[in-house]
Amino acid sequence: MGRFGTTTDYSRIRHWIEERGGHPARIKNAPDSETVRVDFSSETQEEISWDEFFQGLDGSRLAFLHRTKAEDDVAHFGKILRRKRRHH
């Protein structure tokens with residue numbers, strides 16, 4: 001069974017996605033221009049720049065959950081989710 005980690009570190013996110021042949025994207029014709037996704041195809045999503053992707057990630061307070069260890073080193077499980085609020 002694999003382990004999972006959550007990160008907002010741009011270089012870790014980009015490396016994980018690119019290593020698996022993915023790219024930053026958003027749903028085609030989405031009303032919200034900050035709705036970002038990770039795409040491994042191009043059927044329902046349009047490719048965007050890494051800058052647009054990270055602006056959307058930060059602007060919507062999102063983080064990237066991904067598999068960090070697995071029997072298959074290139075496991076494709078990754079998910080964008082809301083960042084947890086920090087309590088002071």
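**Sheet, helices and core of the predicted model**

In the predicted model, strand E2 (residues 23-27) pairs with E4 in the antiparallel sense over three bridges. Strands are said to pair if DSSP finds at least two bridges between them; the elements themselves are DSSP runs, with at least four residues for helices (H or I) and at least two for strands (E), numbered from the N terminus. The structure is a prediction in which local features need pLDDT of at least 70 and side-chain atom pairs count only at pLDDT 80 or more, whereas totals for chains, interfaces and linings use all residues. Residues are numbered from 1 along each chain as its sequence is written, and side-chain values use heavy atoms, with hydrogens and water left out.

The protein chain holds two helices and six strands, arranged from the N terminus in the order β-α-β-β-β-α-β-β. Of its 88 residues, 33% are buried, a term that denotes a relative accessible area under 20%, with exposed meaning over 50% and partly exposed lying in between (1.4 Å probe, protein chains only). Among contacts in the protein chain with a separation of 6 or more, 47% are accounted for by residues 24 or more positions apart, where contact means heavy atoms within 4.5 Å.

Strands of a sheet pair through backbone hydrogen bonds, either parallel or antiparallel. Here, an open sheet is formed by three strands in the order E3-E2-E4, with antiparallel pairing. Strands E3 (37-39) and E4 (45-47) are the edge strands, each pairing on one side only. On average, neighbouring strands of this sheet are turned by 55° against each other, direction ignored; axes are lines fitted to C-alpha atoms, for helices over the stretch in contact, and angles run from 0 to 180 degrees between N-to-C directions. E2 and E3 run antiparallel and are likewise joined by three bridges, and Ala25 has Arg37 as its bridge partner in E3. Towards E4, Arg26 has Glu46 as its bridge partner, while Ile27 stands opposite Gln45.

Strand E2 is mostly covered, with four of its five residues buried. His23 lies in this strand and is buried, with a relative accessible area of 15%. Beyond residues up to four places away in sequence, His23 touches Ile17, Arg37, Val38, Asp39, Ser41 and Glu47. His23 and Phe53 are separated by 30 residues in sequence and by 9.4 Å in space, C-alpha to C-alpha. Ser41, one of the residues touched by His23, is placed in the loop between E3 and E4 and is partly exposed, with a relative accessible area of 37%. From C-alpha to C-alpha, Ser41 is 9.1 Å from Gly21, with the two residues 20 apart in sequence.

Helix H1 (residues 10-19) contains the buried residues Ile13, Trp16 and Ile17. Viewed down the axis of H1, the buried residues fall within an arc of 95°, so they line one face of the helix; the arc is that of the directions from the helix axis to the C-beta atoms. An α-helix has 3.6 residues a turn, so residues three or four places apart point the same way. Helix H2 (residues 50-59) lies across E2 and E3 and runs at about 60° to E2.

In soluble globular proteins, nonpolar side chains tend to be buried together. A nonpolar core is defined as a set of buried Ala, Val, Leu, Ile, Met, Phe, Trp, Tyr and Cys residues joined through side-chain atoms within 4.5 Å. The largest such core has eleven residues, namely Ile13, Trp16, Ile17, Val36, Ile48, Trp50, Phe53, Phe54, Leu57, Leu62 and Phe64. At least two residues of this core come from each of H1, H2 and strand E5 (62-69), and H2 gives the most, with four residues. With neighbours within four places in sequence left aside, Ile13 is in contact with Thr7, Thr8, Phe53, Phe54, Leu57 and Phe64.

Arg61 is located in the loop between H2 and E5. This residue is partly exposed, with a relative accessible area of 47%. The phi of Arg61 is near 55°, a positive value in a residue other than glycine.
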